[in-house]
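I opened this notebook to record a few local features that I looked up in one structure. The entries follow in the order in which I made them.

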Amino acid sequence: MNKMTIRDVDWQGKKALVRVDFNVPLSGGVITDDTRMRAALPTIKYLLDNGAAVILMSHLGRPKDGPDPKYSMKVTADHLAELISAPVHFVGETVGPEAEAAAAELEPGAVLVLENTRFIKGETKNDQAMAEQLGRLGDVFVNDAFGSAHRAHASTEGVAQHLPAVAGFLMEKELEYLGGALEDPKHPFVAIMGGAKVSDKIAVIESLLTKV
């Protein structure tokens, strides 16, 4: 893969601002499937083991009109604390003074989970003011949210304009797998697609038609 990954950074004493995909299914405020969280653990543990303080950001659900308690990232922070041995903290802001103070105080070897990125309307509009504020929280941006990487949002594309950016292990794995599958597929080659929004898939379908 021709992209820099977390292996290319000396993390000692640095703050890693990591976009993860913690958009997990919930039922009655309880996580019913933590697969996406577990997929991010190799990246999180590598960063912690190599001396970084880890700041995680993600969206959860589809809040419509700003903050909605049922989509708070607090539930994922509590669950993450059960999956890793490092201290896990939560801050009820995504950007702003409270988030910046929590990030500044975070010690190497500890994790901070920010509040839902979509609680801020500027997220989906790739608002550069929001992206710049996110950039204040860390030293290096790590994108490990393959499931959200196709969207040019403030926490995926915008923040990369304000910090050095590298890929996490999950992103690396997905890119290498897809690259090999699409450039030199073994036949018979079948593509199975899913998702609620057909409009997002048209360009992908057109691209795959020449290969499947």
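I worked on a predicted model, in which local features need pLDDT of at least 70 and side-chain atom pairs count only at pLDDT 80 or more, while totals for chains, interfaces and linings use all residues. Residues are numbered from 1 along each chain as its sequence is written, and side-chain values use heavy atoms, with hydrogens and water left out.

Backbone. I looked up the peptide bond between His 187 and Pro 188 and found it cis, with omega about 5°; Pro 188 sits in the loop between helix H6 (169-183) and helix H7 (202-208), helices being DSSP runs of H or I with at least four residues and strands runs of E with at least two, numbered from the N terminus. I also noted that Asn 126, a residue other than glycine, has a positive phi near 50°, and that its place is the loop between strand S6 (111-113) and helix H4 (128-135). Asn 126 counts as buried because its relative accessibility is 16% (buried is under 20% relative accessible area, exposed over 50%, partly exposed in between, with a 1.4 Å probe and protein chains only).

Helix H6. I found 15 residues spanning 21 Å from first C-alpha to last, close to the 21 Å expected at 1.5 Å a residue (1.5 Å times one less than the number of residues). Its buried residues are Phe 169, Leu 170, Met 171 and Glu 172.
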